[in-house]
Amino acid sequence: MKRDLVGALRLLVVPTLALAAIATFAPGRLGLAVRIYALVLSAVVLGLALFALRRSYPRTQPLRKSASHGDRGRRPPLTLVRLEHEAALGVAGAFDFHHRLRPHLRELAFGLLSTRRGISPDADPDLVGAILGEDTWDVVRKDRPPPEDRLARGLPLPELRRVVESLERI
């Protein structure tokens, strides 16, 4: 921070000298010079504030690494990209989780149950709940109510991970 302040003061040396010169040699233009100086001073303060904000927040990392030279032609399937997007939205917001991600999880769970175990989810909900586990059953059950607060946080990432792992165990 100290280094930024020293740099900002260095930036203000020339405008300050120019303001002093105008005040000395052209006092009739002093009003305009003061306005310009205030504009320059505001720009420097805004720059300092932006540098401080940038330093205070951690750097973000992309969900996927950029393609290397050998992988230029390989892109993930569009459905996978869409599902990743919906998972990110489902973690961020309760509304998106309930109306976007949850139907995918429900369809996946019931498809796995019917193909791997031969169980119809509508036939015996108690058996399905026992196989899936309490957390997963709570997410995929048909009568799960929509969120009361649509702007609340969605399903926490560790809980989503547990749901996916329980679906993988079917």
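**Stop 1: helices H3 and H4**

Select helix H3, residues 78-92, together with H4: their axes come within 8 Å and cross at roughly 140°. That angle makes H3 oblique to H4, because only angles over 145 degrees count as roughly antiparallel. The crossing of H3 and H4 is left-handed. This is a predicted model, so what you see on screen is a prediction.

Now show the side chains where these two helices meet. On H3, pick Leu 83, Glu 86, Ala 87, Leu 89 and Gly 90. On H4, pick Asp 96, Phe 97, Arg 100, Leu 101 and His 104. Sorted by class, the contact of H3 with H4 has five nonpolar, two polar and three charged residues.

**Stop 2: Ala 87**

Stay on helix H3 and centre the view on Ala 87, which is found there. Is Ala 87 buried, partly exposed or exposed? Its relative accessible area is 21%, so Ala 87 is partly exposed; the cut-off for buried is under 20%. Leaving out residues up to four places away in sequence, Ala 87 touches Leu 101 and Leu 160.

Val 13 and Ala 87 are 74 residues apart along the chain, and their C-alpha atoms are separated by 52 Å.

**Stop 3: Arg 102**

Move to helix H4 and select Arg 102, which has its place there. With 8% relative accessibility, Arg 102 counts as buried. Which residues does Arg 102 touch, not counting residues up to four places away in sequence? They are Phe 97, Val 139, Val 140, Arg 141, Lys 142 and Arg 144.

Arg 102 and Pro 145 are 43 residues apart in sequence, and from C-alpha to C-alpha they are 12 Å apart in space.

**Stop 4: helices H4 and H5**

The axes of H4 and H5 come within 12 Å and cross at roughly 95°. H4 and H5 are therefore roughly perpendicular to each other.

To see the contact, show Ala 109, Phe 110, Leu 113 and Arg 117 on H4, with Val 128, Ile 131 and Leu 132 on H5. By class, the contact of H4 with H5 has six nonpolar residues, no polar ones and one charged one.

**Stop 5: the largest nonpolar core**

The largest nonpolar core has 18 residues. Select Leu 105, Leu 132, Val 139, Val 140 and Leu 167, the members that touch the most other members. Colour the elements that give two or more residues to this core: helix H4 (94-117), helix H5 (125-132), helix H6 (134-140) and helix H7 (157-168). Which of them gives the most to this core? H4 does, with seven residues.

Zoom in on Leu 167. Not counting residues up to four places away in sequence, Leu 167 touches Leu 105, Leu 108, Ala 109, Leu 112, Leu 132 and Thr 136.

**Stop 6: Ser 166**

Ser 166 is buried, with a relative accessible area of 5%. Apart from its neighbours within four places in sequence, Ser 166 is in contact with Leu 132 and Thr 136.

How values were computed
Residues numbered from 1 in each chain as written. Predicted model: local features only at pLDDT ≥ 70, side-chain atom pairs only at ≥ 80, totals over all residues. Heavy atoms only, no water. Core = buried A, V, L, I, M, F, W, Y, C linked by side-chain atoms within 4.5 Å. Buried < 20%, exposed > 50% of the residue type's maximum accessible area, 1.4 Å probe, protein only. Helix = DSSP H or I, 4+ residues; strand = E, 2+ residues; numbered from the N terminus. Contact = heavy atoms within 4.5 Å. Axes fitted to C-alpha atoms, helices over the stretch in contact; angles between N-to-C directions. Parallel < 35°, antiparallel > 145°, perpendicular 65-115°, else oblique. Left-handed = near helix turned anticlockwise from the far one by under 90°. Nonpolar A, V, L, I, M, F, W, Y, C, P; charged D, E, K, R; others polar.
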